[in-house]
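This briefing is meant to be read with the model open alongside the text. Please look through the sequence and the structure before turning to the notes.

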Amino acid sequence: GSVESVLTLQACNEITDTVPKISDSNQELFAQGLANLVSGLFRAMGGDAMIGQSTINIMNGARYRVSSTMSGLFMLSFVVALSPFIELLPVATLTGVLFMVVLSTFQWKTFNILRYGRLSDSLAIVIVTLIAVMYNLA
């Protein structure tokens, strides 16, 4: 959880060309730890930063953390208010939406790394990808 949050923070800083600060990572980890502690008191499952949601927010012009909060609140309101209609959606439709998200956020430069990079790097990328797909590690 904490490693993914710091990596998400670094990726967002790289996308927006902002200079990262050590205090940002410390603040992120402290807030995540506190939130996970509080959610544990309510017998809820803790969480961490989501790279996909953060990337999509940034690609659509978001620059502040309130975008993630608003995204979560909209998702909660949709699930609460529209749950009878959401249950009617076929899984294939949701799969199509997820596939389009993957296509728009995938780093296509990875294929250049596979082709022109070192053999050891290329093998590592292919092996990790195959293992993640075969054993459903997502």
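This is a predicted model: local features need pLDDT of at least 70, side-chain atom pairs count only at pLDDT 80 or more; totals for chains, interfaces and linings use all residues.

Residues are numbered from 1 along each chain as its sequence is written, and side-chain values use heavy atoms, with hydrogens and water left out.

**Confidence**
- The mean pLDDT (the predictor's confidence in each residue, from 0 to 100) is 82 for the protein, and 96% of its residues reach 70 or more.
- Confidence is lowest in helix H1 (residues 2-16), with a mean of 78, and highest in helix H7 (residues 119-134), at 89; helices here are DSSP runs of H or I with at least four residues, numbered from the N terminus.

**Helix H4**
- Although H4 (residues 66-86) has 21 residues, its end C-alpha atoms are only 26 Å apart, short of the 30 Å that a straight helix would reach at 1.5 Å a residue, the expected span being 1.5 Å times one less than the number of residues.

**Salt bridge**
- A search of the whole structure finds one salt bridge, defined as a side-chain nitrogen of Lys or Arg within 4 Å of a carboxyl oxygen of Asp or Glu.
- This salt bridge joins the side chains of Arg 118 and Asp 121, at 3.4 Å from N to O.
- Arg 118 is exposed, with a relative accessible area of 57%, whereas Asp 121 is partly exposed, at 32%; buried means under 20% relative accessible area, exposed over 50%, and partly exposed in between (1.4 Å probe, protein chains only).

**Asn 57**
- Asn 57, found in helix H3 (residues 51-59), counts as buried at 16% relative accessibility.
- Leaving aside residues up to four places away in sequence, Asn 57 touches Ala 62, Ser 67 and Ser 68, where contact means heavy atoms within 4.5 Å.

Conventions:
Helices (H or I, at least four residues) and strands (E, at least two) are DSSP runs, numbered from the N terminus.
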